Amino acid sequence: MIFGTFTSESGTFCHIGGIVHSFTPSADNIIEGGIDAPDGHTDEIRHYDHAIRTLFVPEGVKGFAKEFLMGWAVTQEAAFPDTLTAIGTDDAYNVFSGCFLPEIILPPSVKEIGCFAFGHSYIKKLVVSRANKSKYKRQFKDSTIEKLYLPKNILESGKATIDNESYGFYANFHIHCKCNIIAY
């Protein structure tokens, strides 16, 4: 199917060729009036007008378009499918920028994360697998990540033993965001 929708208990995801362009949350998933939560860029409390409890992205979703959920808050749970290969691209940036997000586990299928995809976001927990590789594009610039889980072998290997593209992607956590890194 080229045009269509995917649905989950979180809401309806409108897509073109598996790339989601818009999201309409289900009525029972919306937090009326929004929420106040930490801002990833300033460490201050900010108001998020668009707030939902969960973001369960259904199977079949391959990626997200530019500014997909920019400035939203997800308070309880977010889950991505194994069909997801891209969170933005060079042309589709700011996908989850300025967001307040709970635990995010990037599935090993994710090979591309667009420029500033999570920029200025506040993420409670982020798990990145060794399989997640993307060109270095400041994907997490000015973000705060309470707990960042990175593969132990990546942290120990250093630039000399991994390719420049992978090193750039992993180094962007050290350079461009505030995080507490935990090796696993």
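Guide: Contact here means heavy atoms within 4.5 Å. This is a predicted model, in which local features need pLDDT of at least 70 and side-chain atom pairs count only at pLDDT 80 or more, while totals for chains, interfaces and linings use all residues. Residues are numbered from 1 along each chain as its sequence is written, and side-chain values use heavy atoms, with hydrogens and water left out.

Visitor: Is Ser97 buried or exposed?

Guide: Ser97 belongs to the loop between strand E9 (86–87) and strand E10 (100–105), strands being DSSP runs of at least two residues and helices (H or I) runs of at least four, numbered from the N terminus. Leaving aside residues up to four places away in sequence, Ser97 touches Met70, Gly71, Phe116, Ala117, Phe118, Gly119 and Ser121. Buried means under 20% relative accessible area, exposed over 50% and partly exposed in between (1.4 Å probe, protein chains only). With a relative accessible area of 7%, Ser97 is therefore buried.

Visitor: Which strands stand at the edges of the open sheet of four strands?

Guide: The order is E1-E2-E3-E7, with mixed pairing, where two strands pair if DSSP finds at least two bridges between them. Each edge strand has a single partner, so one side of each is left without a neighbour in the sheet. These edge strands are E1 (3–8) and E7 (63–64).
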